[in-house]
Amino acid sequence: MEMQKRINLELRNRKPADMKELVLDNCRSDDGKILGLTADFKNLEFLSMINVNLVSLDNLPKLGKLRKLELSDNRISGGLEALAKKTPNLTHLNLSGNKIKDLGTLEPLKKMAQLSSLDLFNCEVTMLMEYRDSVLELLPQITY
């Protein structure tokens, strides 16, 4: 199912501003971008886009109330600047199973003071020597 169709289905005759949680797992983004999600979802606190074939977060709208973002099992390899700009109050971020290869890719997350939990399981960056210590040094706000 396409992402736009899934969003319409999940709305169930509600307005986007009424949504606090949105689960789009296993729908498809044919071009690797977020489609159909707009800033009208301004009250979202939880967003899950697991296994949707994402490559880019560029189309992510500003979601100032978002606290938890699930992005596991996609093909994201960079572009995390979009998260720092558009989800300033994020506390939990799951990037497990993505194509993150080096610590430099995580650099934009330094700007996210509220971020306390980061999951990188099954990302290539976890194969680096002392990666855990390096991540905690780069992102001291992370507690888990």
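Visitor: Why does Q114 count as partly exposed?

Guide: Buried means under 20% relative accessible area, exposed means over 50%, and partly exposed is in between (1.4 Å probe, protein chains only). Q114 has 44% relative accessibility, so it counts as partly exposed. The model is predicted: local features need pLDDT of at least 70 and side-chain atom pairs pLDDT 80 or more, while totals for chains, interfaces and linings use all residues. Residues are numbered from 1 along each chain as its sequence is written, and side-chain values use heavy atoms, without hydrogens or water.

Visitor: Where does Q114 lie, and which residues is it in contact with, leaving aside neighbours within four places in sequence?

Guide: Q114 sits in the loop between β4 and β5. Strands (E, at least two residues) and helices (H or I, at least four) are DSSP runs, numbered from the N terminus. Beyond four places in sequence, Q114 is in contact (heavy atoms within 4.5 Å) with P88, N89, L90 and T91. I142 is 28 residues from Q114 in sequence and 8.7 Å from it in space, C-alpha to C-alpha.

Visitor: Why is K86 called partly exposed?

Guide: Its relative accessibility is 22%, so K86 is partly exposed. K86 touches D58, L60, P61, K62, L63 and G64, not counting residues up to four places away in sequence.

Visitor: What makes the pair K86 and D58 a polar contact?

Guide: A polar contact is a pair of N or O atoms within 3.5 Å; within protein, one must be able to donate a hydrogen and the other to accept it, and residues adjacent in sequence count only if both atoms are side-chain atoms. A polar atom of the K86 side chain lies 2.8 Å from the backbone oxygen of D58.

Visitor: Is T105 buried or exposed?

Guide: Its relative accessibility is 14%, so T105 counts as buried.

Visitor: Why is R6 called buried?

Guide: R6 has 16% relative accessibility, so it passes as buried. R6 belongs to helix α1. It touches M1, V23, L24, D25 and C27, not counting residues up to four places away in sequence.

Visitor: What makes F121 exposed?

Guide: Its relative accessibility is 57%, so F121 counts as exposed. F121 lies in the loop between β5 and α3. Leaving aside neighbours within four places in sequence, it is in contact with S96 and G97.

Visitor: Which residues have the most contacts inside the largest nonpolar core?

Guide: L37, L47, M49, L93 and L109, in a core of 42 residues. α1 (3–11), α2 (81–86) and α3 (131–138) are the elements that give two or more residues to this core. A nonpolar core is a set of buried Ala, Val, Leu, Ile, Met, Phe, Trp, Tyr and Cys residues joined through side-chain atoms within 4.5 Å. L109 touches L80, L83, L93, L115, L118, L139 and Q141, again not counting residues up to four places away in sequence.

Visitor: What is the phi of D73, and of E130?

Guide: Phi of D73 is near 60°, a positive value in a residue other than glycine. E130 has a positive phi near 50°, and it is not glycine either. D73 is in the loop between β3 and α2, and E130 is in the loop between β5 and α3. D73 has a relative accessible area of 44%, so it is partly exposed. E130 has 62%, so it is exposed.

Visitor: How many residues line the largest pocket?

Guide: There are 16, of which L118, D119, L120, R132 and Y144 lie nearest its centre. α3 gives the largest share, 4 residues. At least two residues each come from β3 (68–70), β4 (92–94), β5 (117–119) and α3.

Notes. On a 1 Å grid over the protein atoms alone, a cavity is a set of points where a 1.4 Å probe fits but cannot get out, and a pocket is an open set with protein on both sides within 12 Å along at least five of seven lines; lining residues have an atom within 4 Å of a point.
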